[in-house]
Amino acid sequence: MNPPTTIDEHFFDMTIFQVLNFTVYVSDEKIGTALCKLSARQREFILLYYFQDMNDKEIAKFYHLSRSAISYTRNRGLEKLKILLNEESYK
């Protein structure tokens, strides 16, 4: 018989982002820090796409932008995020 266990997640160990009416918790410190260095729009589009499982068309409706503008901004943010994370790994 296995003893009862609990998973203790502390919210103070996470980076918390407020995007539209969503609260997004990022538990990886490096990713949370890198996301903070992006423009607000890049960060928001990435968080909605990857953490809220929204597609570009859904995000575009909220922001009254074209789907291609969402995709372009998100992809530029991902490129910058990759650079920031690579720089962090060399520190």
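In this predicted model, helix 2 and helix 3 cross with a right-handed sense. The residues that make the contact are Arg41, Glu44, Phe45, Leu48 and Tyr49 on the side of helix 2, and Asp56, Ile59 and Tyr63 on the side of helix 3. Sorted by class, this contact comprises 5 nonpolar and 3 charged residues, with no polar ones. Two packed helices are described by the angle between their axes and the distance between the axes. Here helix 2, spanning residues 40–51, and helix 3, spanning residues 56–63, meet at an angle of about 135°, and their axes lie 10 Å apart. The two helices, helix 2 and helix 3, are therefore oblique to each other.

Ile59 also belongs to the largest nonpolar core, which has 18 residues; Ile59, Phe17, Leu35 and Leu47 are those with the most contacts inside it. At least two residues of this core come from each of strand 1 (15–19), strand 2 (22–26), helix 1 (29–36), helix 2, helix 3 and helix 4 (67–89). Helix 2 provides the largest share, 4 residues. Beyond its neighbours within four places in sequence, Leu35 contacts Phe17, Val26, Arg43, Ile46, Leu47 and Leu81.

Attention now turns to helix 4, where Arg74 is found. Because its relative accessibility is 5%, Arg74 counts as buried. Residues up to four places away in sequence aside, Arg74 touches Phe45, Ile46, Tyr49, Tyr50 and Asp56. The C-alpha atoms of Arg74 and Ile46 are separated by 5.7 Å, although the two residues are 28 residues apart along the chain.

Note on methods. Residues are numbered from 1 along each chain as its sequence is written. This is a predicted model: local features need pLDDT of at least 70, side-chain atom pairs count only at pLDDT 80 or more; totals for chains, interfaces and linings use all residues. Side-chain values use heavy atoms; hydrogens and water are left out. Axes are lines fitted to C-alpha atoms, for helices over the stretch in contact, and angles run from 0 to 180 degrees between N-to-C directions. Angles under 35 degrees count as roughly parallel, over 145 as roughly antiparallel, 65 to 115 as roughly perpendicular and the rest as oblique. A crossing is left-handed if the near helix is turned anticlockwise from the far one by less than a right angle, and right-handed if clockwise. Contact means heavy atoms within 4.5 Å. Ala, Val, Leu, Ile, Met, Phe, Trp, Tyr, Cys and Pro count as nonpolar, Asp, Glu, Lys and Arg as charged, and the others, Gly among them, as polar. A nonpolar core is a set of buried Ala, Val, Leu, Ile, Met, Phe, Trp, Tyr and Cys residues joined through side-chain atoms within 4.5 Å. Buried means under 20% relative accessible area, exposed over 50%, partly exposed in between (1.4 Å probe, protein chains only).
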